[in-house]
Amino acid sequence: MFGKGKKSKVFNKEKSDVIREEKNNAAQVHEEFYNKVRNAYRSDELYELPDDEELTPEEIKKIHEFWDKYSFAYPDIDFKSFKAFKNRRGKVEVRHLPSVVRTMYLQEKFAPWDFRMALQVKAMLPLLFSNAKQPRTVLRQMNGFYTDSDFNLISRQEATQLLAKESAQHRMIVKPRTKGGGRGIFFIEKGASYEKVEEAIDYLGPVGFVIQETLEQSEFMKKFNPSSVNTLRITSFLWKDEVHILASLIRVGKKGNEVDNYSQGGSLIGLDAKTGKCCRWAFTHEHERITVLPSGLDLNQDLYVPNYEKAVSMVKEMHSRIPYIRMVSWDIAIDCENEPVFIENNFAGMIQIHECVTGPLFGDLTEEVLDEYLIKRFCFSVKVDGWLVDEYNNHVVIKEYIEENKEVVVPEKLLGKRVKSIKKNAFAIKDISSVSVSQRLYDASPNAFEGLKIKGLSHGSEAAKIVIREKYLSNK
């Protein structure tokens, strides 16, 4: 009798060790992810200055009041980011979105990798967005193959001849596929010799590229900087069956530069996202506010982008064609006829450039979006007490039973949280004789027990018995 009891105690101790180990698995999974977040690259650091004013205790308190409900997913608030943007904007905005929240929690949901690359290849944009006015493409190369403006395959020699013919009449811009931020762009001047054109083709080599006729911008946009084509950056968000315009700005090229990229020393001018009215100051690459641009344009006046509403309409129509991508930053030029012209799309565009000039990117949608992705959809996949589960902020969903017991009791709680439901075929590959489950969970998981019936019948035996417990916790 004593020996039997001792064996039972040993067994119970081993079981307790297993349970403790599996509970520790949850804490370990949490910590591994939190460490990834802590060590992630933070582009917000690019907007810091050495003499930035610190956050006050009251400001920190307000940030906590807004962000603490997301602590299960995001426990370590990036106060350095709030500090930097307090100093760039002149005030603390609790709805400011630190870059790490976008990269670690939202980016993959907003732009899945499977679609991210294919849907922003510059050479393919005329096919994707045939409804939008675009610069005329002269030549493109994809995967080593050359095609003309109508996507007809041509040889390298024919490509060189085509470029030489076009250069006699037009100046052209060359955009290599592997570059970003305006890097790698160069121009083929009007009247370039055959040798110069051949040289350009040789220089590009096997790298994919697109070559387009250069655009003549409107007189209005030329005022900001005449040496570059200054574009609108309009960021749209697909949310609840509607394309929302989150923010807009003008990218102004550095004096003398031919590209307007902020990363190349350009400036940013915020726009009213509804009207296209310009802010009365620009934000420079050196993080300064100026009211008079190097071109001499005084911003302290009412300036409206011509045909802005048409540009917004274009963006909405284009975004509806790529619903796999929830958030897109669109570069739109205004041509010499004041018509919007689509230049390119960006699925990982710098959100900070908007936050510097017009404030929190998601505006009134901020809390709704964060609730969706940092509370409702965010979970850890962990092992606990013989179950593989998705652990959410305030509940658990059982994915699979991973023990070998014949008789299984489905718990009402795991990790101190209510078990909300059981996923389909959670018991499918197990040889189980009975499952005891509450009526609540049984009703909430109509497909969870299908695998049990299939398993039993496939062996020519009766299906496993489902025992519905009368006493169970309430849904609250």
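Begin by selecting strands S17 and S20 (residues 434–438), which pair in the parallel sense over three bridges; strands here are DSSP runs of E with at least two residues, numbered from the N terminus, and two strands pair if DSSP finds at least two bridges between them. Within this pair, Val 408 stands opposite Val 435 in S20.

This is a predicted model, in which local features need pLDDT of at least 70 and side-chain atom pairs count only at pLDDT 80 or more, while totals for chains, interfaces and linings use all residues. Residues are numbered from 1 along each chain as its sequence is written, and side-chain values use heavy atoms, with hydrogens and water left out.

Next, select Gln 212 in strand S6 (residues 209–213), which is buried, with a relative accessible area of 7% (buried means under 20%, exposed over 50%, partly exposed in between, with a 1.4 Å probe and protein chains only). Leaving aside residues up to four places away in sequence, Gln 212 touches several residues, among them Pro 135, Arg 171 and Lys 175, where contact means heavy atoms within 4.5 Å.

Finally, move to Phe 186 in strand S5 (residues 186–188), which is partly exposed at a relative accessible area of 21%. The C-alpha atoms of Phe 186 and Ile 173 are separated by 6.0 Å, although these residues are 13 residues apart along the chain.

Methods: Helices (H or I, at least four residues) and strands (E, at least two) are DSSP runs, numbered from the N terminus.
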